[in-house]
Structure formats: C-alpha cells, structure tokens
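Hi there,

Here is the structure I promised to pass on.

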Amino acid sequence: MNSISQRAMRAWVGLGPRFLPFADAASAEVPLSRLLRLSLVQVSVGMSLVLMVGTLNRVMIVELGISAGLVATMIALPVLFAPFRALIGQSSDTHVSVLGWKRVPFLFNGTMVQFGGLALMPFALLVLSGGGAAKDYPVWIGQAAAALSFLLVGAGVHTTQTVVLALATDLTSEDRRPKVVGLMYVMLLVGTIASALIFGHLLEEFTPGRLIQVIQGTAVVTIALNGIALWKQESLKRMTAAELAAPQPSFRDSMRRYMQGEAARRRLVAVGLGTMAFGMQDVLLEPYGGEILGLSVADTTKLTAALAGGGLIGFGMASQVLSRGADAFTMAGLGTLVGILGFAGVIAAAPAGSPMLFAAGVIVIGAGGGLFGHGTLTAAMNYAPEGQAGLALGTWGAIQATAAGLGIAVGGLLRDVAMSIGALEGLGAARGYMIVYATEIVLLLATLAAMSSLFRPAGDQSTRG
Amino acid sequence: MDNLDDPNRVWPTGLTIKESEALHRHVIDGARVFFAISLFAHLLAYIYSPWLK
C-alpha cells in the first residue's frame with residue numbers, strides 16, 4: 001500500500017471514534033472543561049424546577065385560572081418520585097452493558113423522560129384549564145395528562161441529577177470533589193436564576209401559543225444541554241462474557257451493605273433534618289417580608305435573590321475551605337450554626353421592625369444552607385463505598401429532595417395552624433412565622449446533635465472507607 | 001482502544017457488532033419515546049383545538 005492510501009486509511013480509522021459518544025481511555029485527571037460540560041445537566045435541572053415551581057405555578061393560577069389546590073397538587077407530584085433516587089442510583093451501579101457503560105444510559109433515558117414531560121406539558125395545561133374545545137371533554141383527561149407530564153419531568157430530573165452526581169464522583173478523586181460539588185451547585189443556581197428571568201420576559205404577554213413555545217423550547221434546550229453534557233464522559237470498557245453474565249446484587253442487598261457503612265444512618269438523619277430546617281422558610285420568606293415588615297413586592301423579590309446570593313457565598317466558602325483539606329461534616333456543622341444565627345436575626349427583625357436586620361438574616365441563612373448542602377454532598381461522595389457511588393448519591397438525593405419538599409409543606413402548615421389556634425397571641429400577626437423560625441432553630445440543633453459524633457479534626461482522613 | 005486486530009471489529013468506528021447493536025438500541029428506544037410522546041401530544045392538541053379550527 002502506498003503512503004497516501006495508508007494515510008487515508010488512518011484518517012478513516014481516526015474519524016469514526018471521534019463521532020462516537022465515548023470518552024478517551026481514562027486519563028490521570030479529568031480536565032475542568034469536561035466537568036464544566038457535565039454540570040450543564042444541572043442547568044437543565046434548574047430550568048425544569050423553576051418552570052414547574054415558579055413560572056407555571058403563577059401562570060396556571062393567574063393566566064389559566066386553574067384552582068390553587070389543583071396547582072399545588074401538580075407541583076407536589078414530582079416530590080413523590082424523590083425516594084426512587086436510591087433505586088435509580090443502585091440500578092446504575094449494577095447496570096450491565098457490552099459497552100461497559102453504567103451512567104450514560106440512565107442519563108440518556110432520564111433526559112428522554114424529562115423531554116417527554118415538557119413536550120406534553122403545555123397541551124396538558126391548556127386542556128386542564130378547560131380552554132378552547134377542551135370544555136366538551138371530561139375533566140379527568142386534563143388532570144391525568146397534567147399529572148403525567150409533571151410526573152415525567154420530575155422523574156427525569158431525579159434520574160439525571162442522581163446519575164450526574166454519581167458520574168462526577170466516578171470521574172474525580174477525593175481532593176477535587178469540593179470544587180466539583182461547588183460547580184454543580186453554582187450551575188444549578190445559574191440555571192434557576194437565568195431561566196426564571198428568561199421565562200418571565202418571554203411570558204410577559206401571555207398567549208396559549210407562547211406558552212407552548214416556551215415550554216417546548218425548554219424541552220429542546222434540555223435535550224441539547226444534556227446531550228452536550230453526556231458526550232464522551234464515560235469510556236468504552238470491553239466486558240468479558242463472564243463479567244456480562246455475573247449476577248448483580250439486588251437493591252435490598254446493596255442497601256444493606258451501604259447502611260453497614262460508617263455511621264450511614266446517622267449521616268442520612270443529619271441530611272434530612274438539616275435540609276428540612278433550611279427548607280421550611282422557603283415559601284414564608286416573601287410573605288413574612290410583606291406582611292410583617294411591610295416590604296413591597298419588588299423588595300420581597302429581592303429577598304429571594306438575597307437568599308440565593310447568600311447560598312453562593314456559602315458554596316464559594318465551602319469549596320475554598322474543603323479544598324484545603326477540612327472535614328466535610330465539620331463544615332456542614334458550621335453551616336447549621338451559621339443558620340441558627342441567621343434565623344435568630346430574622347426572628348429579632350420583627351420586634352425591632354428592622355428590614356435591614358431581616359435582609360442580613362436571610363443572607364446568613366442562605367450562606368448557612370450553602371455550607372450545609374455543600375458539606376453533606378461532598379461527604380456523601382467521599383464516604384461512598386467502592387462501586388456504590390450511585391446508591392450513595394441516590395440515597396443522599398432521595399433524603400434531601402424529600403426533606404426539602406416536606407419542609408416547605410410543613411412550614412406553610414405550621415404557620416397556618418399556629419395562627420388559627422392563637423398561640424403566642426401577644427406577638428400579633430408575626431407569631432405564625434415566629435413559631436416556624438423557632439422550629440427551624442430547634443431542628444438545626446437536632447441536626448447538630450445528630451452530626452456531633454461525625455466531626456473529625458482537619459486532615460484526618462485515614463479511617464474513611 | 002485495545003487490540004486493534006480483533007476480527008469482530010468493524011471500521012471506521014472500531015466497535016464490534018454487539019457493541020454497535022447496544023448503542024443502536026439506545027437510538028431506537030429514544031425514537032420510540034419520541035413517537036409515543038408525539039402521539040399523545042397530538043391527541044391533547046386536538047382536544048384543545050381540533051386542528052386549529
């Protein structure tokens with residue numbers, strides 16, 4: 001063969017793999033650009049979350065005239081899927097394919113499900129609102145279709161997020177994980193804030209056609225972002241026939257093995273209590289500012305931004321401190337202390353009548369939540385037993401997402417109950433909020449107590465399993 | 001990629017037949033999901049506004 005045809009042949013051989021979604025053979029260190037690309041999944045997760053919980057929450061009630069109770073039910077549906085994160089994580093740990101892939105198939109399927117839910121959602125909501133010709137059809141069609149679309153998006157979000165965190169754990173060594181966790185959190189926040197602004201702008205002049213464009217546009221962007229994210233992340237691993245035929249542990253067995261790990265139960269309890277404590281004030285923030293401190297709508301919206309800003313400060317600090325070798329749980333514990341300080345400030349703001357103190361308290365709560373979230377997620381990655389990264393991150397996510405959802409529900413309920421039974425009459429309208437904030441402080445103290453035996457002096461990582 | 005002389009590999013991708021089939025199955029599954037979703041979306045669109053009439 002002459003040299004020209006040899007070169008041409010080599011070009012052909014080289015051309016193929018470039019267009020296949022496999023990573024190059026495992027290198028010593030995954031470059032940051034690849035991790036940045038992976039974190040795009042978090043942007044699409046943030047996009048879907050803000051669409052369901054924020055934008056559509058308002059659109060369904062105000063523009064489509066759907067009853068608030070029905071809207072609340074629809075928004076709560078995805079939380080029901082959160083416990084399945086553990087199962088998804090475990091299935092991806094034990095997934096067998098001739099390509100040697102474990103995470104990418106789940107990322108792909110999760111993306112498909114999320115896309116499907118978003119593609120259906122606008123039509124489902126329009127039918128649910130009873131507009132157009134939909135009033136001639138039975139009501140349950142709209143309800144079932146809307147429920148299905150919210151469930152699909154929720155299932156997709158839980159799947160992709162779990163698998164991406166597991167993949168990030170696979171790809172990085174312990175010393176780089178704090179940076180990766182920070183990156184994942186920041187990208188989630190970026191996705192949430194950017195898409196909230198874009199959705200708000202696009203839906204300013206609401207028409208049914210615009211609703212379809214916006215939600216289905218989100219579906220397409222989701223596929224694009226997740227496609228870019230999963231490309232060449234996992235390498236092709238040749239499996240032998242014996243490996244392919246080897247029996248895989250059941251979910252029950254994997255879970256039993258995982259729970260036998262170092263203080264696994266205690267860590268999960270701490271994550272649940274802490275997340276619930278930080279989550280309860282989410283929906284009360286704006287009404288508290290408006291009702292008790294008399295802030296305008298524009299000002300209370302800034303409160304949500306202040307909370308997010310505080311979160312960013314927390315994630316930044318956490319990444320810095322943990323990269324220097326601090327213990328993840330000690331830092332999460334610090335986060336709960338910071339949170340207690342913030343809640344105390346918010347409580348003191350009402351009798352003092354000081355919006356400044358309130359805003360400062362909110363930023364401090366955000367920072368505490370950031371430190372706590374970052375610390376527990378980094379710990380979940382670092383303590384993940386060999387071959388169980390998916391299950392470890394799935395369990396963390398299951399507890400975290402369920403506790404956050406529960407926290408929001410309990411927070412709202414607790415305020416209403418406290419108002420109706422007339423507890424602490426002397427405090428006036430603020431008493432409902434006071435009781436919630438006080439409960440959060442108690443929960444944070446309980447979190448601290450649950451975590452106390454997990455603290456470890458900095459640099460001591462010898463006993464990690 | 002290891003052992004480039006494996007007779008089961010098909011160029012230019014360098015995948016074996018089995019591996020190609022596994023990859024292809026994901027593409028087909030995706031297409032099926034697209035198809036089912038689009039059917040359902042069309043049904044809902046018809047209920048809301050029968051072919052935009």
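**Where the two chains meet**

Counting contact as heavy atoms within 4.5 Å, chain A brings 34 residues to the contact and chain B brings 25 residues. Before going on, please note that this is a predicted model, where local features need pLDDT of at least 70 and side-chain atom pairs count only at pLDDT 80 or more, while totals for chains, interfaces and linings use all residues. Residues are numbered from 1 along each chain as its sequence is written, chains are lettered from A and ligands numbered from 1 in the order in which they are written, and side-chain values use heavy atoms, with hydrogens and water left out.

The area buried between chain A and chain B (accessible area, 1.4 Å probe, that two parts lose on being put together, summed over both) is about 2,600 Å², with carbon and sulfur atoms giving 82% of it. On the chain A side, Leu120(A), Phe123(A) and Arg238(A) lose the most area to chain B, together 21% of what that side buries.

**Chain B**

Along its sequence, chain B runs β-β-α, with helices (H or I, at least four residues) and strands (E, at least two) taken as DSSP runs numbered from the N terminus. Of its 53 residues, 30% count as buried, that is, under 20% relative accessible area, with exposed meaning over 50% and partly exposed in between (1.4 Å probe, protein chains only).

**Salt bridges**

Over all chains, the whole structure holds 6 salt bridges. In one of them, the side chains of Arg103(A) and Asp93(A) meet at 2.9 Å, N to O. Arg103(A) lies in the loop between α5 and α6 of chain A and Asp93(A) in helix α5, so the pair ties together parts that are 10 residues apart in sequence.

Beyond its neighbours within four places in sequence, Ser92(A) is in contact with Lys102(A), Arg103(A), Phe106(A) and Gly390(A).

Another salt bridge joins the side chains of Glu63(A) and Arg58(A) at 3.1 Å, N to O. Here Glu63(A) is partly exposed at 30% relative accessibility, and Arg58(A) is partly exposed at 47%.

Best wishes

How values were computed: A salt bridge is a side-chain nitrogen of Lys or Arg within 4 Å of a carboxyl oxygen of Asp or Glu.
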